[in-house]
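Here's a quick briefing on the chain you have open. Have a look at the model first, then go through the notes by topic.

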Amino acid sequence: MEIILHDGNSTTKETTRQKRRYTKDRLIQSYSREDMKPYFKMPITEAAKELDVGVTLLKKRCRELGFSRWPHRKLTSIDGIITNLKDHLGKMKGETNRSNLMNALEILEAEKKMIEEFPDLEFRDTTKRLRQACFKANYKRRKLLSSMSTTSSVS
């Protein structure tokens, strides 16, 4: 903001900085964790667009609510593990293996709900090991498929 002062023969300009307050700033302050929960499944940039606020304001509000990171990647990771387990469940033979997979699925679903409630929650050790096993199985499957495709193209 500029203020022009007239003093006799001289004119001076003073510039003052005024902190702007946007209506969206006040709007984001009214959001609770429950209001933000439906947006956890999307990246923070998309959530900010949907909420019609800037990413910085959204991050600031998240920190005020007590969670330091946007939980999209955690939820995506758990969804991927659940999808992998459901795929393996369809291929599984034997009742004990099926019951173990069903128990793991129930645990993952419960953990997913807990992360939606408390986004800063760490994964349990069993979930971390299960995720690692899924990554390893997917890696081996991709490696096998790529080796099969190179051998078939050579022949």
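**A buried serine to start**

At 16% relative accessibility, Ser 77 falls under the 20% cut-off, so it counts as buried. Keep in mind that this is a predicted model. Ser 77 sits in helix α5, and once residues up to four places away in sequence are set aside, it touches Phe 123 and Arg 131.

**Overall layout**

- The chain carries 7 helices and 2 strands.
- Going along the sequence, you get the pattern β-β-α-α-α-α-α-α-α.
- Of the 155 residues in the chain, 26% are buried.
- Take the contacts with a separation of 6 or more: 56% of them join residues 24 or more positions apart.

**The nonpolar core**

- The largest nonpolar core has 27 residues, and the members touching the most other members are Met 36, Leu 58, Trp 70 and Leu 85.
- Helix α5 supplies the largest share of the core, with 6 residues.
- As background, nonpolar side chains in soluble globular proteins tend to be buried together.
- What does Trp 70 contact, leaving aside its neighbours within four places in sequence? The list runs Met 36, Tyr 39, Phe 40, Met 42, Pro 43, Ile 44, Ala 47, Leu 58 and Cys 62.

**How α5 and α6 pack**

- The axes of α5 and α6 are 10 Å apart, and the helices pack at an angle of about 165°.
- That angle is over 145 degrees, so α5 is roughly antiparallel to α6.
- The α5 and α6 crossing is left-handed.
- On the α5 side, the contact is made by Lys 74, Leu 75, Ile 78, Asp 79, Ile 81, Ile 82, Leu 85, Lys 86, His 88 and Leu 89.

**How α3 and α4 pack**

- Here the axes come within 9 Å and cross at roughly 100°.
- An angle between 65 and 115 degrees counts as roughly perpendicular, and therefore α3 and α4 get that label.
- From α3, Ile 44, Thr 45, Ala 47, Ala 48 and Leu 51 meet Val 55, Leu 58 and Lys 59 of α4.
- Ile 44, Ala 47 and Leu 58 from this meeting point are also among the contacts of Trp 70.

**Cysteines**

- How many disulfides are there? The count comes to 0.
- Cys 62 is buried because its relative accessible area, 4%, is under 20%.
- Cys 134 is buried too, with a relative accessible area of 7%.

**The glycine between α4 and α5**

- Gly 66 lies in the loop that links α4 and α5.
- Is Gly 66 buried, exposed or partly exposed? With a relative accessible area of 48%, Gly 66 is partly exposed, because that value lies between the 20% and 50% cut-offs.
- Although Gly 66 and Pro 119 are 53 residues apart along the chain, their C-alpha atoms are separated by 8.8 Å.
- Beyond its neighbours within four places in sequence, Gly 66 is in contact with Arg 33 and Asp 120.

Key:
Residues are numbered from 1 along each chain as its sequence is written. This is a predicted model: local features need pLDDT of at least 70, side-chain atom pairs count only at pLDDT 80 or more; totals for chains, interfaces and linings use all residues. Side-chain values use heavy atoms; hydrogens and water are left out. A nonpolar core is a set of buried Ala, Val, Leu, Ile, Met, Phe, Trp, Tyr and Cys residues joined through side-chain atoms within 4.5 Å. Buried means under 20% relative accessible area, exposed over 50%, partly exposed in between (1.4 Å probe, protein chains only). Helices (H or I, at least four residues) and strands (E, at least two) are DSSP runs, numbered from the N terminus. Contact means heavy atoms within 4.5 Å. A disulfide is a pair of cysteine sulfur atoms within 2.5 Å. Axes are lines fitted to C-alpha atoms, for helices over the stretch in contact, and angles run from 0 to 180 degrees between N-to-C directions. Angles under 35 degrees count as roughly parallel, over 145 as roughly antiparallel, 65 to 115 as roughly perpendicular and the rest as oblique. A crossing is left-handed if the near helix is turned anticlockwise from the far one by less than a right angle, and right-handed if clockwise.
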